[in-house]
Amino acid sequence: MVDWSPIFISMKTASLSIFITFFVGLIVAWGLIKIKNDTTKIVLDGIFTLPIVLPPTVVGFFLLYIFGVRGPIGSFFVEFFAYKIAFSWPATVIAAVVMSFPLMYRSARGAFEQVDTNLVDAGRTLGMSEWNIFWKVLFANALPGIISGGILAFARGLGEFGATAMLAGNIAGQTRTLPMAVYSEVAAGNMGEAFNYVIVIVIISFIAIFIMDYVTIRKEKQWR
Amino acid sequence: MSDKLLKVDIHKKLKEFDLDVDFELKKGCLGILGPSGCGKSMTLKSIAGIVDPDRGIISLDMGGKTTYFDSDNKINLKPQKRNVGYLFQNYALFPNMTVEENVAIGLGKNHDGTVVSEMIKRFHLEGLEKRYPRQLSGGQQQRVALARILAYGPDVLLLDEPFSAMDALLKEQLRIELVNLLKYFDGMSVLVTHDRDEAFQFCDELIILDQGKIIAKGKTYDLFENPKKVQIAKLTGCKNISKIEMIDDYHLKALKWGIELEVSEKLSSNITHIGIRAHDFAPAKKEELNSFSAVNSKKLEMPFEWEITLENGLWWKVEKQIRDHEFEIPEYLKVDPKNIILLEE
């Protein structure tokens with residue numbers, strides 16, 4: 001009998017984490033392009049990009065340090081909410097958000113920077129509010145790049161393994177996501193079970209990439 | 001009609017030089033003419049509020065006075081509140097919006113569409129309402145940009161090198177179009193350009209800017225007829241400029257060309273150069289006033305002009321018909337004393 005729980009857990013984790021990553025990445029990217037000081041920009045960019053270049057276990061180590069029961073945030077939650085973040089389902093979301101964030105942030109930033117600054121200035125001289133300029137001009141014209149960043153981040157979150165293992169562990173029915181399940185089944189010698197999970201993950205990832213390319217190409221064609 | 005007044009007096013430190021510009025405009029079109037990178041666009045962007053000057057005042061009086069910028073009183077109005085129309089070099093149409101949506105964008109939420117359809121009609125954009133900017137020609141894009149600006153109803157129109165990125169043919173057509181379209185606009189406008197023809201065509205008054213400093217201001221006709229300074233003569237398109245040596249009150253030697261000339265105005269010690277426009281020469285006999293030898297000249301044929309380069313470096317342009325392909329360069333040329341422009345360094 002196939003255990004469906006890793007599929008549900010993974011979908012739940014990937015969906016919630018992309019929701020968070022998408023908006024936070026967008027806002028951080030917008031904030032960063034507005035910074036005029038180059039040094040500040042470079043330092044912040046380095047910090048935001050770090051998770052993608054560090055080994056996932058190292059990121060997991062830091063997360064455990066922060067969210068563990070003795071860590072600054074972890075102990076806060078234990079004390080005030082009597083809740084242990086480490087090795088719980090929310091920990092899978094935290095790991096996925098942190099690991100997928102750089103992809104979203106970098107794509108969004110690149111897409112924003114591609115938008116002609118004259119368009120923003122034109123919007124301002126035409127009396128558009130900053131909020132309208134962000135959505136109707138900056139966001140709308142950067143949309144193909146933002147969507148591809150979002151989908152890449154979604155796929156990255158879905159495939160997250162190392163940091164999740166460190167922070168959330170591999171508890172069946174709670175924190176065992178699809179990549180964890182593949183690992184566990186292989187470790188237990190159940191190649192057939194592992195294969196089922198592999199198929200599911202390949203299909204979901206491919207569909208995500210397909211949607212990304214489809215939407216991007218459609219949008220760009222429309223304006224040509 | 002109430003008195004209108006646009007007042008600009010701004011200072012800004014830039015990488016290469018300091019920008020110091022001040023002018024007042026009461027009506028019509030003011031041109032800012034200068035070589036690229038002289039601070040022209042920066043001035044325009046300061047008026048629009050896209051760039052902040054370090055200090056100074058920008059204000060507009062249209063019956064009631066609006067201060068756009070005042071560094072002493074810490075006033076810096078957002079571009080959204082300045083009510084200026086800015087025509088960008090590349091028009092800056094929103095590529096994700098149709099022509100209709102672009103024109104309507106400055107109108108806010110509460111408009112009934114009549115302004116949009118009126119503008120579409122006025123700028124001959126019927127049938128193109130649902131098109132995206134990339135599907136339009138350069139001329140159509142410019143019309144959409146102007147329709148969008150005028151629908152917004154600005155007090156001041158700012159035109160930033162509107163023809164710089166165009167081929168010669170399109171440029172000619174659009175200039176004529178823009179002159180006509182601007183007739184619909186009764187406010188003031190400021191045009192920035194490095195092209196003397198554009199400045200001459202559009203502007204009643206001119207400012208000549210170099211390295212961030214105003215080197216001349218005045219009526220366009222005056223500046224072209226009597227440039228007074230070497231730099232201005234160059235910018236207004238005077239091809240022949242030479243350093244001089246004074247012989248007496250009315251006679252000088254042009255050092256670059258090695259010829260002696262008589263002038264109609266009395267020379268003074270601060271006149272260091274003279275300028276002669278390339279069209280101001282005429283064939284002559286040897287003994288005539290201000291004549292000089294034109295032997296060994298080279299000629300270059302243009303569709304409607306002969307460009308003659310004399311051995312001594314002078315340029316002479318002669319109009320011609322398209323079918324004429326022969327031209328005999330005379331042995332001597334002359335220049336009328338009143339066509340010699342006296343210049344200061």
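Questions and answers follow.

Me: What kind of model is this, and how is it numbered?
Reply: Residues count from 1 along each chain as its sequence is written, chains are lettered from A and ligands numbered from 1 in the order written. Side-chain values use heavy atoms, without hydrogens and water, local features need pLDDT of at least 70, side-chain atom pairs need pLDDT 80 or more, totals for chains, interfaces and linings use all residues, and the model is predicted.

Me: How much space lies in the largest cavity?
Reply: A cavity is a set of points, on a 1 Å grid over the protein atoms alone, where a 1.4 Å probe fits but cannot get out. Volume is the space filled by probe spheres set on the points, which are joined across faces, edges and corners. The structure holds one cavity of 30 Å³ or more. The largest has about 50 Å³.

Me: Which helix gives the most to the lining of the largest cavity?
Reply: Lining residues have an atom within 4 Å of a point; among them are A:S10, A:E160 and A:T177. Helices are DSSP runs (H or I, at least four residues), numbered from the N terminus. In chain A, α1 (5–34), α5 (89–114) and α7 (130–158) each supply at least two lining residues. With three residues, the most comes from α1(A).

Me: Are α1(A) and α9(A) roughly parallel or roughly antiparallel?
Reply: Axes are lines fitted to C-alpha atoms over the stretch in contact, with angles from 0 to 180 degrees between N-to-C directions. The axes of α1(A) and α9(A) (residues 178–187) come within 8 Å and cross at roughly 150°. Angles over 145 degrees count as roughly antiparallel. The two helices, α1(A) and α9(A), are therefore roughly antiparallel.

Conventions:
1 Å grid on protein atoms, 1.4 Å probe; cavity = no way out; pocket = protein on both sides within 12 Å on 5 of 7 lines; lining within 4 Å. Parallel < 35°, antiparallel > 145°, perpendicular 65-115°, else oblique.
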